[in-house]
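Try each one yourself before you read the solution.

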Amino acid sequence: MAYLVYSILDPNDIWHWDAPYAFVVTVFRLLSLIVFFLATTMVSGLASAFSGGIMPENMIVGLYNTLVLRTWYMQPYGVTDPLTNVQEVWASFQMNLNNVLFALWDNTFLFLYFLCAGIGIVLFLQSLVRMDHRFVGGAFLSIQAIIILAAFRALIVPDIAPFPADFMEFFLTQGQILALVSFAYLEVSYQMIYSASVGKPVEDREETLKKQLLALRQATRKQDAIERGEKVSTTGMSRSTGATAFSFLREAMERKVMGGQSALESLDAVSDVRRLQIYVDDLLQTDSRARDELTAKAAAPSPMYVIGSTITGSAIRFLTVVAVSFMLMNPNFIQMVLNLPIGIQNSVELIQPEIVVLFLVPVVGIFPMAAAVISWISKREVVEKEKLTKEEKEAEKLRKSELDRKRKEASKARRERAKARRKRKGDESGVDEWDKALDDAFKR
Amino acid sequence: MITQRGFLVVFAGVLLLTSGFSFINFYLVLLGVYCVIGLVVTLPLFALTANLAGIEVDRQIDKVKVFSGDFLRVRVTIRNVSRRHFDFIEVHDQYPETWILAIGENFMASRIEPGSSMTFSYILQARMRGRYYLGPTEVIMRDRLGLHYYKRILKEQTEVLVYPTWKDVRRLESFAKQRQLGLMFGAHRTKTVGMGTDFAGFREYVPGDEFRLIDWKSSAKRGDMVIKQWEQEKNVQIICMVDTSGSMGNGYPENTKLEYAIRAAVLLTYMGLERKDLVGTCVFSDLVHGYVPPGTRPNHMYDVLEVLAMAEPQGWSDYETAISHVVTQSKKRSLIIWLTDLERSPAPLLNAMKTLVANGHKSLVISPFGPWFEAPVGQFGPVEKVLSEAVSEELWERRNKIARALSRFGINVINVGPEDFLPTIMQTYEQAKQRGVAMF
């Protein structure tokens, strides 16, 4: 795809290999002018404040020489020697600013072509290693961005105008081949990502389990060694197999190190790790399927089937997309379906790209609608309800009624107690010693 | 539903289409059309195959009741009962936030054929006591290119009851082993002669005495038959009153006053059962949430654990209701240990004590002091520091007054913090045994 774009855009003479350098140099030149402008303005202001509004020329020239020439070793545009007269500098500045801006504008595009190409290639290489859709999408967009930029600059770019009415003619057009290759890249990459991702979780689980068991074993052995009074050479496990790969151990270690009641926390953490080791050992010994279930080995799909289905799936999708797209863009098809008056048929609007929208929007809308209808017919929307058995429902009901009963009883008892207390208070025959104790305690 | 990947394709399609329209370029338009059509063209087929109702998830666990800190294996089986395959299915089985995933992963992604199933498992560590639910299970189905997805949440949940931690008991056991402490019952001595292990004296044989009680050596020396007598050993009855009012929930998570009170109750019950003493537990706030009468049944410990596992800090402390319930249920003289923070008004507490003493019970209050369970004062700013110190002083003064009032009737109040809560309960139990409080 990248090569096709390169070769198609090559007649424009845009692949100047010094374009990035030229861009950077231009940016620096522009910056030097801006810095000079700001510096002179500031210095002039300060100098005029001290010398009654007269600007010392030598100072400005010196400043320019220091700031621009000595710092960046560059000459202003169109000048070969350092300028000694500030008026010349100003004249040069005014003259060169436009030139620099124009040069920057041109160079920016040249630079962007390279930048997009570079990003595209880097993302493509990343996608080969990491199998992530973001890299694939990024690579696709970066390469297409070169054509979009070139189209903006009105350069020679791949085009399919006028759009062919014959399918074979359309199929063999240079622009169509590039579009097909670009889309195929996207399609095949996504299919490959699927093939990789459908088997990867099982592999990852297996790998993670291995690391976890190894880390657990190491931690237990280390602890045993410490208890036996032996010296332990390393303070921690490797990052890949050790605590970082295993949140439980990490957490246990944190508790051990950071624990508030250090001795007891440490004891707990060690005990947890050891108990987990015993639990896992016991599990693996007593249940022969335990390891396979932990890795979910049985869930791995057959690689041959995945490859086969990927190829057939891609081919079907590919052909369908090309056929539907051709129909949508074919002017004959549009004319046939719309059956427009001859005047409109000959109108220039029908050969504009925007005409695609006329069919694209409804056709694109048909597919999700069809999907929605299918989902509705097959009653996909499962309304999930809490699945409680009859016994569980009854138990819940019983629990609630029991709680209500208890509440009622408690409030009734409280009322009765309060009533009795009021009655006793009214009696005043004798002061309760408990009440007296309370009064005494709180009076003090 | 369109995935992130799908949105990227939409973006690319729209960008290319608009660029094509702007620069009148059919190549860009064609590529844009490819992207947009490519996004939606297989959507009806995906909708036809993605029958998520055909997915069944079955979750199995080894135990439904575990101790806090124990490990639990969760097995999840996903069945495709439909007649179509699923190209890519993701299953996330959810577990409580406070638990730790110890081994394995609670996530699986694969392809599943019609009528087939796949099983994965993972090991969790249950961390905090209480009633928990494993699940729901989230099932996500994607198309081959990952452009669209359907999601379904299977709300089937598995209930797990997590008992309070057993680590204190384990520590106690290892400590006891180190000190070679015997686990025989009846550490308390009485002056009553009967069956026991401590020598009490000799008496003359009277007809009817069992021959096995005759001490033949002494009989030979005396020339008359002598019976050897032993001091009878008796046990105590204790009822642990665990206050679960809202204020007991204050403190660091996992280290609240209530959690310590529960750990203390577990420890006390365990120690009591080991020595064949009767230890009951009452969990109360504004009503009695659970009461396990003193007993030595094999399942007694589990009954206590179950009641304690369900305890939640809520409501207020109604001591009178709690003691009325206990007094009506338990007629025998008991030592009633209150595990309460005394943050309610003192009058109801004194009334409760009155009832308790009137029924012949003994009582003791072990009271966690709130500020000791909360953030250290050093972590506060100057204003908060002053405020917290003022509150602490106020609370301290208040509980001293309650303690003074109760001490007039022989009821001690012991203020405890996180460090000395468990040692205090052990010490209290030992002292009760030594003093022979509430023997039966």
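Predicted model: local features only at pLDDT ≥ 70, side-chain atom pairs only at ≥ 80, totals over all residues.

**Exercise 1.** Work out the strand order of the open sheet in chain B, and name its edges.

*Solution.* As background, strands of a sheet pair through backbone hydrogen bonds, either parallel or antiparallel. Here, 4 strands line up in the order 1-3-7-5, with antiparallel pairing. Next, look for strands that pair on one side only: these are strand 1 (55–61) and strand 5 (100–104) of chain B, the edge strands.

**Exercise 2.** Describe how chain B meets chain A.

*Solution.* Count both sides: 76 residues of chain B are in contact with 85 residues of chain A. On the chain B side, the largest share comes from helix 2 (residues 26–40), with 12 residues. Then sort that side of chain B by residue type, and you get 44 nonpolar, 15 polar and 17 charged.

**Exercise 3.** Find the buried residues of helix 14 of chain A and say what covers them.

*Solution.* First get your bearings: chain A has 16 helices and 0 strands, and 23% of its 444 residues count as buried. Helix 14 of chain A (residues 355–377) has 23 residues and reaches 34 Å from its first C-alpha to its last, close to the 33 Å expected. Its buried residues are V356(A), L360(A), V364(A), F367(A) and A371(A). To read that spacing, recall that an α-helix has 3.6 residues a turn, so residues three or four places apart point the same way. The cover includes helix 11 (303–329) of chain A, along with helix 2 and helix 3 (43–49) of chain B.

**Exercise 4.** Which residues touch the most other members of the largest nonpolar core?

*Solution.* This core has 168 residues, and the two to pick out are M241(B) and V242(B). Now follow M241(B): leaving out residues up to four places away in sequence, M241(B) touches C282(B), F284(B), A322(B), I336(B), I337(B), W338(B) and L339(B).

Key. Residues numbered from 1 in each chain as written. Chains lettered and ligands numbered in written order. Contact = placed C-beta atoms within 7 Å. Helix = DSSP H or I, 4+ residues; strand = E, 2+ residues; numbered from the N terminus. Nonpolar A, V, L, I, M, F, W, Y, C, P; charged D, E, K, R; others polar. Pairing = 2+ DSSP bridges. Expected span 1.5 Å × (residues − 1). Buried ≥ 20, exposed ≤ 12 C-beta atoms within 10 Å, placed from the backbone. Core = buried A, V, L, I, M, F, W, Y, C linked by C-beta atoms within 7 Å.
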